[in-house]
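Today I am opening a new model and noting what I look up as I go. Have a look along with me.

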Amino acid sequence: MLISIIITCIFFCQVQSLTKIQSVIPRIHPPHKNVRGRIIGGDEATPHAYPYQVGLSINEGMSLCGGSLISSNYVLTAAHCAIVISTVEVILGAHNVTENETTQIRLQGKEIKIHDQYDARLHRNDIALIKLNFSVPLTFAIQPVKIPSASQAEKTYDDLFSVATGWGLVEDKSLPTINDMSDTLQVLSVPIMNVDICGEYYNDDEATYITTSNLCTSGYKNKGTCKGDSGGPLVYDGTLIGISSIGSTRCEECYPSIYTRVGAYLDWIKNNSDVIIEF
């Protein structure tokens, strides 16, 4: 089995048109309770080049998620991050999330709204909103990201390159904790793959994890988010198209990364926040 896994990893990393090998496809597992994300194969971001990125320090720093500022009052993140929240500090304007930078503003989450059809077992509808306790003042380091328009609701972005950001792990750890995450924001450019092909990696006769409400990015050349980089943004041409959701337990073996497709939830975002969806 070890030889099979090694051969599979080499094959996956070298061949861009990946095929399904069912014997080594792992089941999706929820993220580790203390680690909710990582970016593999990325680079340190230019400070404040992604001013919509926020950090979520959950339950007095017991875990960390990402999120996206979508207005002066609301942050969009993953339901599997929000569902464990007792308290949350929202960190805006950060590059080094462990330091008290002059650009940073830290606010508390006032209200948490989790999609009412969120399914933790199948990871369906993995989307949530956090209302800030105060409207955040916008600066060069703190800006909302654009949400897809109604005319873009069904767009799949196949084969286009997108940008993922986050403070997650940059390499595998056998028993990772929050202390193993990157202090500085990491960035990664990754191609979006066809969702049906992505589903061949994870779906089986017992469960369907990947649907048209997801986006996937290729793990080609060992790049991508893993175990979520949870709640963080996937952006194409300045527009938030995905929320980092779930992934394989094999974090450096080139499996696709999975996102909640924002375009599938425009009505839900409009009805639960102050964001105006353009036509």
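I started with the disulfide that joins Cys198 to Cys216, S to S 2.1 Å; a disulfide here is a pair of cysteine sulfur atoms within 2.5 Å. Cys198 lies in helix H3 and Cys216 in strand S11 (residues 214-217), so the pair ties together parts 18 residues apart in sequence. The link of Cys198 and Cys216 is left-handed, with -75° about the S-S bond.

A note on ground rules: this is a predicted model, where local features need pLDDT of at least 70, side-chain atom pairs count only at pLDDT 80 or more, and totals for chains, interfaces and linings use all residues. Residues are numbered from 1 along each chain as its sequence is written, and side-chain values use heavy atoms, with hydrogens and water left out. Helices (H or I, at least four residues) and strands (E, at least two) are DSSP runs, numbered from the N terminus.

Next I checked H3 (residues 195-202), where Val195, Cys198, Gly199, Tyr201 and Tyr202 are buried (under 20% relative accessible area, 1.4 Å probe, protein chains only). They cover an arc of only 150° around the axis, which puts them on the same side of H3; the arc is that of the directions from the helix axis to the C-beta atoms.

I then looked up the other of the 2 disulfides, and found Cys65 joined to Cys81, S to S 2.0 Å. Cys65 sits in strand S4 (residues 63-69) and Cys81 in helix H2 (residues 79-82), so this pair ties together parts 16 residues apart in sequence.

Definitions and conventions:
Buried < 20%, exposed > 50% of the residue type's maximum accessible area, 1.4 Å probe, protein only.
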